[in-house]
Amino acid sequence: MVTGPFLILAALILVGAVAAVRMRNLVHCVLAVAVVFVGLAAAYLQLGAQFVGWAQMLIYVGAVAILLVFAVLLTRGGEVPERALFSPGWHWGVTIGAAVFALLAWAIRQSPAAHPPPAAPVQVTVEQIGTALMTHDVLALEVTGLLLTAALIGAVIIAMNDGGPQ
Amino acid sequence: MLGEGIIKGMVETARNFLGSYVREDRLTTVQYPEEREPQIENARQFPFLVYDGEDWETGLRCVACQICEKECPPQCIYIVKSKDKKPDYKGQMQFYPAIFDIDLSVCMSCQICVEVCPFEAIKMDTDYEWSTPDRFAALLVHKDQLARPNAYYQQLHPTDAAASDAVLAQERARAQAKARAAAELKTKAAAPPPTS
Amino acid sequence: MSGVDQLFVQLKHWALARCAGILPEAWQPLVSLLLSIIPLLVIFPTLFAAMVWMERKGLGRIQNRYGPNRVGPFGLLQPAADGIKALIKEDIVPRAADRVVHWLAPVLLVTTAFTVYAVLPFGRNMVVVDLEAGLLFFFAVGTVAELVVFMAGWSSRNKYALLGAMRAVAQMISYEIPLVLSTVTVVMIAGTLSLPQIVLAQSPASGWWPAWFVFTPWGAAGFVLFLIAANAEANRSPFDLPEGESEIIAGYFIEYSGFKFALFFLGEYLSLFAVSALGVTLFLGGWHAPYVVGEWVPSWVWFFLKLLAVLALFIWTRGTLPRLRQDQLMNFAWKFMIPMTLINVVIAALWHWIGSGPVRWLVCSALVIGAYSLLGRGLMRAGRWMPRTYRFAE
């Protein structure tokens, strides 16, 4: 599956991810995260998952990135910090992270599930996704819907308490 | 009902839109370079210097007292007083401005220079067509461009000019009376004392 | 009939056939794409110029003025004069600005504005790519504009620009939801996300009632809601708070000058055309005539006529309505637009399930009118003057 377009996208995503962590200015970090989102959407598209790709773009670039922007601006995080970006013991963190990654990668490589027989690529239409969501995966959909409704009601309650007369 | 006002407004603008094609009197626009609206008498745009007589250099009323230069709020007037003197309208010897510049780009048409001038020497013009492609030199207006005959002022602002002429005539009459009295006194003094 | 109708399609095939002899086989898809894209890159900027002229003339007449009439006959060359002026102006970047982001914003805006045209069908067989999730693509790419507006406002390092950007982002997020929800009804009835398929679902029937979606209760409500939300998405009056010349000068493009400003201008109008074209496609039958009789007129003529009509409506509202206040804007979005679009989705579902007959007309019309008057009454009550309370200024 390692093709030219995939390599370009992977490079874009990785560069964006590193930039999102390393940039000093928080707004630049948010923009780098947006680049990562766009790269992921393109990766989905490259795998033939049109609906997921465009939905990723719509939700992550259009909503999540904007939410991050709002959070940064409303909390005055836009100023560039004076002190160093990393705590002194950062190499320990990197070492542990790399070790965990190596272990997980080794475990996954050993697993028989990692080598399934190559499946024939199927063209999944939007209609099929919709039908699956309404029949086979309806429980997941309902649970997600319930969660989002709860979040929405919570947000409304927070906003309501704020506006009452004292 | 929500949206009623919007529909009313849309109907009104549609009536304006169509009406402006049907009825010419709806369009109040004046097509400027071809046609101009007449200016009212009290219009003021930019100062000019009044002179009496034919020659602007000798007839300039300004005596370079520099009051306008000091009073000008944006300080757009620049005056250099002359070394020598010349006779003014009532024959008195006075200084005159060697340099009198007004910066058009700074002037705000407030007319304060006119209000403070004790000699009726600076007045407001109604001419507003001063546009030029040169941002600097052409917008610094010199004495020779500023000078206008009194007749021009009389034509521009008849009421104001009549008042100003009256003031000047009064001043001149007073000066002449004074001169006559002085002359009489002099002749009296010069004449041999009457024997009584 | 079909000769003129398919003129551009035939032209493209002819050009492609001529190219086939000269160019290698691998270049064919590229040439085919270019032949589809280049007309769009020519037509829509031209439409932008025409729209600027129409808008200035129309607004002028609405205000009992002449509008531009100096450059060329009837002021027709005014857009050219504006363009030349924008090109020869000095390009100023504030010293404190974030140069890269500041430069990137107008470029991205125009790029994304052009990208969404890829899925819009301009006539029979006239679409660049027939994506299966075309409507989703349109909104997905369109959302980049929000981020771009923020980038422009933030990178300028100007308080007005930042205020404008925050207003714009808040407004676009709020109106994105009704915009998408109002199109969901069409997707439900047509049963597809592909725009050419949606147009086919509105093919003229033999009956006396046109098959356009706007001629149904849910479609009429949806079209009005769509137009309002599109107006807000395009930041046009009465929703031009992000630009508000009298409050925050020009909002997020206050620090842009010369050609970058022109690019912003172009990008705004391009997205306005795109969203209007989407409205035409979804509700006004796309390139279809209302009746079979009207089909002798080429499909692309129908499409552009409808597009121009929608644009004229936008100009008309701009000339009529004053700018909203921020709280009115948000109240309208969250207390009227979103509930109304949600109810409209339910109405569309009812329309689908009741089946044909006068009953569904009665039920759906009653529901639309009832919901509208109820929500409208609530909104009017909320808009009454109340003593202002300060919470943080005590």
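This is a predicted model: local features need pLDDT of at least 70, side-chain atom pairs count only at pLDDT 80 or more; totals for chains, interfaces and linings use all residues.
View 1. Salt bridges between chain C and chain A number zero. The two chains bury about 2,300 Å² between them. Of that area, 77% lies on carbon and sulfur atoms. Chain C brings 25 residues to the contact, and chain A brings 24.

**View 2. The side of chain C that touches chain A.** Helices H6 (134-142), H7 (144-155) and H8 (159-190) of chain C each supply at least two residues to this side. H7(C) gives the most, with six residues. By class, the side of chain C that touches chain A holds 19 nonpolar residues, one polar residue and five charged residues.

**View 3. The interface of chain B and chain C.** Here 20 residues of chain B contact 20 residues of chain C. Chain B and chain C bury about 1,800 Å² between them. Carbon and sulfur atoms carry 63% of that area. Eight residue pairs are in polar contact between chain B and chain C, both partners at pLDDT 80 or more. The side of chain B that touches chain C has nine nonpolar, eight polar and three charged residues.

**View 4. A salt bridge between chain B and chain C.** The interface of chain B and chain C has one salt bridge. Its partners are Arg70(C) and Glu34(B). Their closest N and O atoms are 3.1 Å apart. Over all chains, the structure holds 14 salt bridges.

View 5. The side chains of Arg174(B) and Glu171(B) form a salt bridge, at 3.9 Å from N to O. Both residues lie in helix H7 (residues 158-190) of chain B. They are three residues apart, about one turn of the helix.

**View 6. How the chains pair.** Two pairs of chains touch, and chains A and C have the most contacts of these. Chain A and chain B have no contact. The closest C-alpha atoms of chain A and chain B lie 25 Å apart.

**View 7. Helix H14 of chain C.** This helix runs over residues 326-354 and has 29 residues. From first C-alpha to last, H14(C) reaches 41 Å. That is close to the 42 Å expected at 1.5 Å a residue. H14(C) bends by about 30 degrees at Ala333(C). Gly355(C) follows the helix. The phi of Gly355(C) is positive, near 85 degrees.

**View 8. A cis peptide bond in chain C.** The bond from Ser237(C) to Pro238(C) is cis. Its omega is near 5 degrees. Pro238(C) sits in the loop between helix H10 (217-233) and helix H11 (245-248) of chain C.

**View 9. A positive phi in chain B.** Ala64(B) has a phi near 60 degrees. The value is positive, in a residue other than glycine. Ala64(B) belongs to the loop between helix H2 (56-59) and helix H3 (67-71) of chain B.

Notes
Residues are numbered from 1 along each chain as its sequence is written. Chains are lettered from A and ligands numbered from 1 in the order in which they are written. Side-chain values use heavy atoms; hydrogens and water are left out. Helices (H or I, at least four residues) and strands (E, at least two) are DSSP runs, numbered from the N terminus. The expected span of a helix is 1.5 Å times one less than its number of residues. The bend at a residue is the angle between axes fitted to the seven residues ending there and the seven starting there. Contact means heavy atoms within 4.5 Å. Buried area is the accessible area (1.4 Å probe) that two parts lose on being put together, summed over both. A salt bridge is a side-chain nitrogen of Lys or Arg within 4 Å of a carboxyl oxygen of Asp or Glu. Ala, Val, Leu, Ile, Met, Phe, Trp, Tyr, Cys and Pro count as nonpolar, Asp, Glu, Lys and Arg as charged, and the others, Gly among them, as polar. A polar contact is a pair of N or O atoms within 3.5 Å; within protein, one must be able to donate a hydrogen and the other to accept it, and residues adjacent in sequence count only if both atoms are side-chain atoms.
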